[in-house]
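Come along while I jot down what I look up.

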Amino acid sequence: MLLGMAAFAGNDAIGKWLVADYGVAQVILLRSVAAGLIMAPLIMRGGRVMNRIRSVPRPGLQAVRAVCATVEVFCFYYAVSYMPLADVMAFWMAAPIYVVAISPFLLGERVARRTWLAVGVGFVGVLILLAPSLQISGLGAIFALLGTAAFAAIMVLGRSLRETADRDLVLFQLAAAGLAGLAFAPFDWQPIRSGGDLALLFLLGVVATAAHMLVTRALKLADASVVAPLQYSLLVWGVVFGFLVFGDVPAPAMLIGALLIVASGLIVLRR
């Protein structure tokens with residue numbers, strides 16, 4: 001799980017670097033192509049792809065999840081193009097809190113009173129993050145909120161699609177993101193400037209695939225309640241990469257808001 005979080009942070013840092021020179025849709029398209037090439041042997045192992053698509057359980061929910069995953073990745077890369085990497089990651093860490101808040105209404109799950117109190121603490125952390133972000137980069141903060149909401153929806157829908165194989169869920173996400181990138185990339189396509197940039201675009205897909213595989217493996221080796229708190233190590237990597245690569249120094253409000261979000265998430269996980 002720790003390796004997976006480090007890989008996700010590396011993926012996010014590479015993506016932030018690339019969207020400074022290339023369109024978001026272009027980056028996502030090439031990322032999806034590279035990830036598809038890496039995932040091809042695993043995807044083909046499950047039999048004919050078209051047969052699996054036709055027989056997929058609950059196709060409506062599958063489509064909604066794929067759309068949410070596409071919205072989430074677009075929003076993330078747009079957000080990091082406006083805001084420091086660690087700040088955007090702190091917003092994403094609040095997604096489990098949103099899941100708890102909406103699970104009684106969408107999944108019929110019971111939430112204890114003390115858990116609601118922890119959720120409230122997490123929302124305070126989000127508001128502390130949001131206030132300076134809106135002043136400095138309002139559009140980036142809006143993308144971060146939309147992306148976090150989409151990420152929470154992915155988590156909720158994932159609970160309802162447990163019977164679907166992991167490789168198929170990844171296949172649908174890759175296909176949806178790739179099609180969206182293909183549709184929008186021509187409007188903001190930039191020539192690849194160097195072999196180094198082309199290598200980074202390919203590396204982006206490789207690192208993203210590795211991150212998904214590491215996290216999936218972690219969840220099969222141990223209970224979610226054991227490995228889930230380790231996702232907060234992503235914030236540490238966000239601060240490190242943000243400082244070393246982009247020269248970003250975390251603001252006090254970001255640190256306070258992130259601390260409240262992490263505390264809230266850990267309380268929710270413990271309960």
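Which residue follows α11, and is its phi positive or negative? I looked it up, and Gly247 comes after α11 with a positive phi, near 75°.

**Entry: what I am looking at**

I remind myself that this is a predicted model. The mean pLDDT of the chain is 83, and 89% of its residues reach 70 or more. I then checked the elements: helix α1 (residues 2–18) has the highest mean pLDDT among them, at 91. Helix α3 (residues 49–54) has the lowest, at 62.

**Entry: the whole chain**

I counted secondary structure next and found twelve helices and zero strands. Of the 271 residues in the chain, 46% are buried. I also looked at contacts with a separation of 6 or more, and 88% of them join residues 24 or more positions apart. For the surface, I noted that the chain exposes about 13500 Å², with 70% of that supplied by carbon and sulfur atoms.

**Entry: back to α11**

The buried residues I listed here are Ser233, Leu234, Leu235, Gly238 and Gly242. What do the buried residues of α11 pack against? I found α1, α5 (85–92) and α12 as their partners.

**Entry: the nonpolar core**

Leu235 turned up again when I looked at the largest nonpolar core, which has 67 residues. Together with Tyr77 and Phe91, Leu235 is among the residues with the most contacts inside this core. Helix α7 (residues 113–160) gives the core its largest share, ten residues.

Leaving aside its neighbours within four places in sequence, Tyr77 is in contact with Asn11, Gly15, Val19, Val24, Ile28, Arg31 and Leu204.

I turned to α12, one of the partners of α11. Its 19 residues reach 27 Å from first C-alpha to last, close to the 27 Å expected at 1.5 Å a residue. Where do the buried residues of α12 sit around its axis? I listed them as Met254, Gly257, Ala258, Ile261, Val262, Ser264, Gly265 and Val268. They cover an arc of only 165° around the axis, so they lie on the same side of α12. On the other side, I found Pro252, Leu259 and Arg270 exposed.

I picked Ser264 from α12 (residues 252–270). Is Ser264 buried or exposed? Its relative accessible area is 1%, and because buried means under 20%, Ser264 counts as buried. Beyond its neighbours within four places in sequence, I see Ser264 in contact with Ile97, Ala118, Val119, Val121 and Gly122. Val121 is 143 residues away from Ser264 in sequence, yet their C-alpha atoms are 6.0 Å apart in space.

With neighbours within four places left aside, its contacts are Leu174, Ala177 and Gly178.

Notes:
Residues numbered from 1 in each chain as written. Predicted model: local features only at pLDDT ≥ 70, side-chain atom pairs only at ≥ 80, totals over all residues. Heavy atoms only, no water. Helix = DSSP H or I, 4+ residues; strand = E, 2+ residues; numbered from the N terminus. Buried < 20%, exposed > 50% of the residue type's maximum accessible area, 1.4 Å probe, protein only. Contact = heavy atoms within 4.5 Å. Areas by Shrake-Rupley, 256 points an atom, 1.4 Å probe, with all protein chains shown as cover. Expected span 1.5 Å × (residues − 1). Arc of directions from axis to C-beta. pLDDT = per-residue confidence, 0-100. Core = buried A, V, L, I, M, F, W, Y, C linked by side-chain atoms within 4.5 Å.
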